[in-house]
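Okay, everyone, thanks for coming.

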Amino acid sequence: MQIAFFAEQDRLALSSWFTSQADVTQWAGPGVAWPLEESFLATLLDSASQKPASLLTFAGKQAGELAAVAQTGFDWNNHLACLCRVVVNPAMRGKNLAEHMLRQLIATAFQQEGIERIELRVYTFNQAAIRTYEKLGFVREGVQRQGVAVGEARWDCALYGMLRQEYVQPEAARRA
C-alpha cells in the first residue's frame with residue numbers, strides 16, 4: 001500500500017463511502033455531518049503545511065485507487081499521538097488494508113522522538129477494528145459507556161493505548 005497525505009483528488013471517493021449519519025459518526029465521530037460537507041473535507045487537506053504537525057490525514061492507495069484513510073493527531077505537550085478516523089474503502093474491506101496502513105502510521109509516530117504513547121478510541125460494536133487494533137498490540141484501557149448518541153441509540157466507546165516500550169517493530173523493518 002502506498003501512503004501519502006490526503007489530497008484534493010481523494011475527496012470524492014471518500015465521500016462516496018458513507019451512506020448514512022451513523023456511517024459517518026462511526027468513522028469521524030458525532031461532530032461530523034452526513035453527507036460530508038466541503039468545509040469538513042477541506043480540513044483534511046492541510047497536512048503538508050502543518051509545522052509542528054497537529055492532525056495529519058493520510059490516504060492509502062492500492063493500484064492507484066483510494067483504499068483507506070486515517071488520521072494521526074499529535075499532542076506534543078503530553079508526548080502522545082492519536083490514531084483516529086480510520087476507514088477502508090467498502091469495496092476493499094476484508095483484505096487487512098487497515099492493518100498495513102496502521103503499521104506504517106504507528107512506526108512513523110514512534111519515530112518522532114517526543115512520542116511515548118499512541119492511543120485510539122473505537123466503538124465497542126466495531127469488532128473488525130478491535131481485532132485489528134489488538135493484533136497490532138494495542139491494549140484496551142477502558143470503556144466510556146453510552147458516550148455517543150446516534151439517533152435513538154447510545155454507543156459505548158473503548159479506549160486503547162500502546163506505549164513506546166510495548167511497541168514491537170515488525171521484523172522486516174528491523175532488518176532494513
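Among the pairs is a stacked one, Phe18 with Trp27, at 5.0 Å centre to centre and 25° between the planes. Both Phe18 and Trp27 are buried, where buried means under 20% relative accessible area, exposed means over 50%, and partly exposed is in between (1.4 Å probe, protein chains only). Ring pairs also bring in Phe40, linking Phe18, Trp27 and Phe40 into a cluster.

Before I go on, the housekeeping. This is a predicted model, so to speak of a local feature we need pLDDT of at least 70, side-chain atom pairs count only at pLDDT 80 or more, and totals for chains, interfaces and linings use all residues. Residues are numbered from 1 along each chain as its sequence is written, and side-chain values use heavy atoms, with hydrogens and water left out.

Now for an edge-to-face example: Tyr133 and Phe138 form an aromatic pair of that kind, with 6.3 Å centre to centre and 75° between the planes. Tyr133 is buried, at 8% relative accessible area, and Phe138 is buried too, at 4%.

On to the backbone, starting with the prolines. The Trp34 to Pro35 peptide bond is cis, with omega near -5°. You'll find Pro35 in the loop between helix H2 (21-28) and helix H3 (38-43); helices (H or I, at least four residues) and strands (E, at least two) are DSSP runs, numbered from the N terminus. There's also a cis peptide bond joining Lys51 and Pro52, with omega about -10°. Pro52 is in the loop between H3 and strand E2 (55-62).

And which residues have a positive phi without being a glycine? One is His79, with phi of about 60°. His79 sits in the loop between strand E3 (65-75) and strand E4 (80-88), and it counts as partly exposed, at 39% relative accessibility. Another is Gln146, with a positive phi of about 50°. Gln146, though, is found in a strand, E6 (residues 139-150). Its relative accessible area is 48%, so Gln146 is partly exposed.

That's my tour; over to you for questions.

Key. Rings of Phe, Tyr and Trp (its six-membered ring) pair if their centres lie within 6.5 Å; planes under 30 degrees apart count as stacked, over 60 as edge-to-face and the rest as tilted.
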